[in-house]
Amino acid sequence: MSRCLSAHVHRTTRAYNPSIRYTGGGWLCAKMVGVVGREEVPVPEYRVVEICAGAGGQALGLELAGFEHELAVELDETACATLRCNRPHWKVAQGDVASPAVWDPRDYANIDLLAGGVPCPPFTVAGKQLGATDERDLFAWAIELCAVVAPRALLLENVRGLSLPRFSAYRQHVLDRLSQLGYVADWRLLQASDYGVPQLRPRFVLVAMRPADFAYFSWPEPTGEPPRTVGEALGDLMAAGGWRGAARWARRANDIAPTIVGGSKKHGGPDLGPTRAKRAWRQMGVDGLGIADAAPSQQDPVTWVPKLTCEMVARLQGWDGDGYEWTFTGRKTASYRQIGNAFPPPVARAIGSRIRQAFDRCGQPRELVEQTSVTHDPVYAVLRGDGGFLTMNQILRRLPEPMEVPAFERHLAHLGRDFRIEVASRKSGDAYKLGEFMAFTGQADHLRHEAFVNPSKIS
Ligand SMILES: C[S@@+](CC[C@H](N)C(=O)[O-])C[C@H]1O[C@@H](n2cnc3c(N)ncnc32)[C@H](O)[C@@H]1O
């Protein structure tokens, strides 16, 4: 049973003031701004539906960018409790986002923004990269959702793994499908550390809008400030229990945090990630083998190598400072998982602000030619364009750029992991035809549904 652990969550009274201001990341043209703590934030004017909302990292960032939640959908009961605890007025639907029993996307037709951080395990390099055939994959389904909801903009974030060559055909399929639905889309690998978060945390982000809006969209510029070190970010929390080694520890922890990994229910208890990450933590004087219940105490030796608490990890994820107050429900493992899987709120805020500016038509419109012509997988593009059987030589001849045979074979092998490839023997060698995309896009008979018989193992 989840409990809302503290009651310090507040929504500061907002004072309104029409203005245009410079934020360091470009001109922010806000018709109206309010104040949270010492910071100005836009008055919510646009509505968002968020899927796979987790503990609300992305949700909080979008709220600070001026988006009001119409609905948040999330599978995990404790994460739903966190959302409800922090924003009792939000409508939160718990369950499998793809289940008609949980919500009806048609009720949210023409919403301003459809956003989500769909599960990362299908794409992460720390996993098997099963992509479309991983029962947890919801990326392709989220794209298909645009056909029903027709949002003004789509924002999806995922791990860096999705940006790798292994998934070039998957990405191509996504862009092609969005284009069929009337959207222009772009992907960008963003580093959380570029947006004031003291952690590396690269995230691969997709934004799609209709051409008239997209012409006004640009990715947020890095703040230009060097990220704080772990010691600078956490020094006060490490000292909170009276530990005499805190100052010494903070000097030693003089680097940016490695990417925090929340893990999945399949993965087990909380720790700070794979062996390499644990080693990096160790060098900064942090024991990454688990999460502590409390900061070190007066009794702990000066040379102690402490574990981080959930509060510390939340700070490293960007829940830090005015406007970012947040409470996490559940026991330690459940809390840590919610925090560790989050999209840092400051990064979501930066992107949300740019989406909002595009809606508000701030700045000069751009030519969209470059954006639409990006080809992620030329082999996929040729096969799909033709629709029939083609031999390797026929494919190679049609590619816009020369490709060596080993590279072709790699493309084909990757393709075959997400799409069915039919092979026919020809005198001149094997011929290939691009078959069905194996990802879940809403099929009632898809294999993923079997996994949801026991949803406690999902995510
Ligand atoms: C990467 S996390 C999202 C983090 C969130 N955006 C944030 O910033 O805090 C992915 C979330 O998807 C949820 N999830 C996984 N499968 C789901 C499903 N089928 N339906 C709804 N939510 C699901 C997980 O419980 C997890 O909270």
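Figure 1. Buried residues account for 44% of the 459 residues in the chain; a residue is buried if 20 or more other C-beta atoms lie within 10 Å of its own, exposed if 12 or fewer, and partly exposed in between, with C-beta atoms placed from the backbone. The model is predicted: local features need pLDDT of at least 70 and side-chain atom pairs count only at pLDDT 80 or more, whereas totals for chains, interfaces and linings use all residues. Residues are numbered from 1 along each chain as its sequence is written. The chain contains 16 helices and 13 strands, which are DSSP runs numbered from the N terminus (helices: H or I, at least four residues; strands: E, at least two). Of the contacts between residues at least 6 apart in sequence, 67% join residues at least 24 apart; two residues are in contact if their C-beta atoms, placed from the backbone, lie within 7 Å.

Figure 2. Two strands pair if DSSP finds at least two bridges between them. Strands of a sheet pair through backbone hydrogen bonds, either parallel or antiparallel.

**Figure 3. Strand 9, strand 10 and the loop between them.** Strand 9 pairs with strand 10 (residues 202–209) in the antiparallel sense, over 8 bridges. D186 has V207 of strand 10 as its bridge partner. In the loop between the two strands sits R201, a residue other than glycine with a positive phi near 40°. R201 counts as buried because it has 26 C-beta neighbours inside 10 Å.

**Figure 4. The shell around the ligand.** The ligand is surrounded by 25 residues, the closest being C52, G54, G57, G117 and A342; a residue is near a molecule if its C-beta atom, placed from the backbone, lies within 6 Å of it. Helix 1 (57–64) and strand 5 are the elements that give two or more residues to this shell. The shell divides into 14 nonpolar, 7 polar and 4 charged residues. Here Ala, Val, Leu, Ile, Met, Phe, Trp, Tyr, Cys and Pro count as nonpolar, Asp, Glu, Lys and Arg as charged, and the others, Gly among them, as polar.

**Figure 5. Helix 1 and the residue G66 after it.** Helix 1 is mostly covered, with 8 of its 8 residues buried. Among them are G57, Q58, L60 and E63. Just after the helix, G66 has a positive phi of about 100°.

**Figure 6. Helix 3 and its packing partners.** The buried residues of helix 3 are F139, A140, A142, I143, L145 and C146. They pack against strand 4 (46–51), strand 7 (113–116), strand 8, helix 4 (168–180) and strand 13 (429–437). A150 follows helix 3, in the loop between helix 3 (139–149) and strand 8 (153–159). The phi of A150 is positive, near 50°. Most residues other than glycine have a negative phi. With 17 other C-beta atoms within 10 Å, A150 is partly exposed.
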